[in-house]
Amino acid sequence: MGTLRAETVDTARLQPAERWPFWLDMSARVSAPIAFASDHAADFRGRARLVDLGGGIQLTRFRYQSLIGRRTPRLIRQADPEVYQIPLTVAGTSAISARRRNTAMGSGDFALIDWGRPHDIMHASRQHGREDAASATVVIPRALLPLDTDKVDRLSAVRISGAQGPGALLAQHLHRITRHPEQFRATDAPHLADITLTLVSLLLARHLDAEVALPTEMRQQALLTQVRDFVERHLGDPDLSPQSVADAHHVALRTLHRLFADQDESVSGAIRRRRLERCRRDLADPLLRDQTVQAIGARWGFRDKTHFSRAFRAAYGTSPRAFREGRWQEAGRPDPPTDGAAPQE
């Protein structure tokens with residue numbers, strides 16, 4: 001089974017004179033033609049990873065030297081792909097001008113660009129060009145968004161935080177897929193596309209105060225994504241439970257259970273699985289060899305070492321101590337530390 005389709009392009013593989021034209025062609029393929037200029041055009045340094053999720057939804061991770069671009073009415077008449085681009089500034093500083101609005105953005109900020117409208121963009125590196133600019137973007141067809149187009153247009157060139165709420169979820173989603181597309185299967189693409197559409201829709205709807213306009217199924221998917229993110233961030237809390245998750249999201253416990261009814265596991269099952277996966281990872285980590293099994297279990301929410309040992313054995317067919325010792329023996333390392341107690345079974 002193949003991995004998620006991704007394409008990596010790097011101007012360093014080309015002769016200096018070929019690099020800037022190549023970058024222009026690639027950029028036009030990602031979204032639409034734009035009149036770019038750069039002080040580094042004679043020998044441009046740029047790298048991109050393109051991940052096509054299908055249905056017109058594409059994620060791209062860019063790293064490049066400073067540049068400016070202008071999307072003119074003439075270029076729009078030549079080709080209007082009818083897409084929005086939602087860029088996240090990862091490094092450097094960005095600015096966009098559209099709809100008589102000039103907006104500066106720093107690292108961690110999103111913006112909305114309508115490629116069917118004129119706009120100017122700028123992305124500059126920092127430290128006098130020693131650190132390249134970087135961004136991660138979503139390109140999504142306008143027709144896919146379940147929101148009023150005229151209302152969405154109000155967000156053109158508006159700075160949108162990627163540090164909290166739906167913005168943080170979308171940023172994490174972008175980073176994970178564009179950094180490590182090999183961690184996903186090709187068959188995951190439709191599901192990832194649905195999640196991307198949901199997170200973009202939720203982000204824009206939140207800023208338009210129009211979340212009630214989203215389809216019920218999309219709102220449920222958005223809530224599920226928020227719940228999973230909350231669980232992931234609180235795995236080390238021993239009091240993490242379905243009730244605490246429901247309370248944090250202001251929903252009834254039965255609503256939370258219904259949300260997971262069509263999933264492969266319950267809320268409790270998801271919490272237990274992710275805790276055990278974190279423990280298994282840490283037990284195999286040579287950098288944590290001085291920490292006891294009990295300490296590692298406690299870090300990920302297991303208060304009781306006996307309960308931890310039983311849960312680990314049920315999941316992996318061996319006790320956490322035996323798993324760790326086996327990894328040490330495979331690597332030819334000295335025995336790991338004991339807990340100062342009888343071996344766990």
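Me: Which residues lie nearest the centre of the largest cavity, and how many residues line that cavity?
Reply: This is a predicted model, and in it 25 residues line the largest cavity. Y64, Q85, P87, I121 and S135 lie nearest its centre.

Me: What makes that a cavity and not a pocket?
Reply: A 1.4 Å probe fits inside but cannot get out, so the term is cavity; a pocket would be an open set of points. The largest cavity holds about 380 Å³ of space, and the structure has two cavities of 30 Å³ or more.

Me: Which elements supply its lining, and which one gives the most?
Reply: At least two residues each come from α1 (16–30), β4 (57–64), β6 (83–91), β7 (93–98), β11 (119–124) and β12 (133–141). The most come from β6, with four residues. By class, the lining counts 17 nonpolar and eight polar residues, with no charged ones.

Me: What about the second largest cavity: which residues line it?
Reply: A98, R99, D114, R117, P118, H119 and S156 do.

Me: Buried or exposed: how do you class D153?
Reply: Buried means under 20% relative accessible area. D153 has 4%, so it counts as buried. R117 has 34%, so it goes down as partly exposed.

Me: Why are D80 and R142 said to tie parts together?
Reply: Their side chains meet in a salt bridge, 3.5 Å from N to O. D80 lies in the loop between α2 (73–78) and β6, and R142 in the loop between β12 and α3 (149–153), so the bridge ties together parts that are 62 residues apart in sequence. R142 counts as buried at 18% relative accessibility, whereas D80 is partly exposed at 34%.

Me: And what separates D229 and R233 in helix α6?
Reply: About one helical turn, because they are four residues apart in α6 (residues 216–233). D229 has 14% relative accessibility, so it counts as buried; R233 has 52%, so it counts as exposed.

Me: How many salt bridges are there by this rule, and which residues are linked in a network?
Reply: The count is 22. The network links E232, E265, R273, R274, E277 and R278.

Me: E232 is in the network. Where else does E232 turn up?
Reply: In the largest pocket, which has a volume of about 1200 Å³. Its lining has 29 residues, and the closest to the centre are R176, H191, I195, R228 and E232. At least two lining residues each come from α4, α5 (189–208), α6 and α9 (267–283), with α6 giving the most, nine. The lining divides into 12 nonpolar, six polar and 11 charged residues.

Me: Why is α4 called largely enclosed?
Reply: Of its 15 residues, 11 are buried, so the rest of the structure largely encloses α4. Among the buried ones are L169, L170, H173 and I177.

Me: How do you know the end-to-end span of α4 agrees with a helix of 15 residues?
Reply: At 1.5 Å a residue, residues 165–179 should span 21 Å, and the end C-alpha atoms are 21 Å apart, so the two agree.

Me: Which residues are closest to the centre of the second largest pocket?
Reply: That pocket has a volume of about 440 Å³. Closest to its centre are E217, M218, Q220, Q221 and L224, out of 16 lining residues. The largest share, six residues, comes from α6.

Me: What does the UniProt annotation cover?
Reply: The unreviewed entry gives "domain: HTH araC/xylS-type" for residues 225–326. In the model that span is 65% helix and 0% strand, with its end C-alpha atoms 36 Å apart.

Note on methods. Residues are numbered from 1 along each chain as its sequence is written. This is a predicted model: local features need pLDDT of at least 70, side-chain atom pairs count only at pLDDT 80 or more; totals for chains, interfaces and linings use all residues. Side-chain values use heavy atoms; hydrogens and water are left out. The expected span of a helix is 1.5 Å times one less than its number of residues. Buried means under 20% relative accessible area, exposed over 50%, partly exposed in between (1.4 Å probe, protein chains only). On a 1 Å grid over the protein atoms alone, a cavity is a set of points where a 1.4 Å probe fits but cannot get out, and a pocket is an open set with protein on both sides within 12 Å along at least five of seven lines; lining residues have an atom within 4 Å of a point. Grid points are joined across faces, edges and corners, and a volume is the space filled by probe spheres set on the points. Ala, Val, Leu, Ile, Met, Phe, Trp, Tyr, Cys and Pro count as nonpolar, Asp, Glu, Lys and Arg as charged, and the others, Gly among them, as polar. UniProt positions are given in the numbering used here, feature names are shortened, and annotations may be inferred rather than shown by experiment. A salt bridge is a side-chain nitrogen of Lys or Arg within 4 Å of a carboxyl oxygen of Asp or Glu.
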